[in-house]
Amino acid sequence: MYLSEDLDRRFRMLAMSVYGYGRGSLSEAAVDALTKWCEGHDARKSNQQSEDEHSHSNSDPVSRAEERPDAISSGTKENSGSSLHVS
């Protein structure tokens, strides 16, 4: 893995100030940082999947009708121009 000199220095200084100056502090900080990064991306991916599933269900006319049962005509109401009549 390549880090710029500036980022490497910043990471090392912060890692040691948070985790101490002993052996393993950089590894602990790296594991913590990577875990948080992965969790953040997992959450975004999960949110995107939920949004995709919701948008797909809205594109399905049956799903839309099930979400709005009052929009389905029973045939007993006054006819409107958008109703389909079958003889």
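**Salt bridges along the helices**

Reply: D32 has a relative accessible area of 28%, so this residue counts as partly exposed. The model is a predicted one. The side chain of D32 forms a salt bridge with that of K36, with an N to O distance of 3.5 Å. Both residues belong to helix α2, which covers residues 25-59, and they are four residues apart, about one turn of the helix. K36 has a relative accessibility of 53% and therefore counts as exposed, the cut-off for that class being over 50%.

In the whole structure, four salt bridges are found. Another of them joins D8 and R12, whose closest N and O atoms are 3.1 Å apart. D8 and R12 are four residues apart in helix α1, so about one helical turn separates them. D8 is partly exposed at 26% relative accessible area, and R12 is partly exposed at 37%.

Helix α1 also holds R9 and D6, which are three residues apart, about one turn of the helix. Their side chains meet in a salt bridge with an N to O distance of 3.9 Å; the cut-off is within 4 Å. R9 has a relative accessible area of 45% and is partly exposed, and D6, at 43%, is also partly exposed. This pair is part of a network of salt bridges that links E5, D6 and R9.

Apart from the charged pairs, M1, L3 and L7 make a nonpolar surface patch of about 350 Å². M1 lies in the segment before α1 (5-19) and, with 94% relative accessibility, counts as exposed.

Definitions and conventions:
Residues are numbered from 1 along each chain as its sequence is written. This is a predicted model: local features need pLDDT of at least 70, side-chain atom pairs count only at pLDDT 80 or more; totals for chains, interfaces and linings use all residues. Side-chain values use heavy atoms; hydrogens and water are left out. Patches are made of residues with over 30% relative accessible area and no salt bridge: like charges are joined within 9 Å, nonpolar side chains (Val, Leu, Ile, Met, Phe, Trp, Tyr) within 5 Å. Accessible areas come from the Shrake-Rupley method with a 1.4 Å probe; for residues, only the protein chains shown count as cover. Helices (H or I, at least four residues) and strands (E, at least two) are DSSP runs, numbered from the N terminus. Buried means under 20% relative accessible area, exposed over 50%, partly exposed in between (1.4 Å probe, protein chains only).
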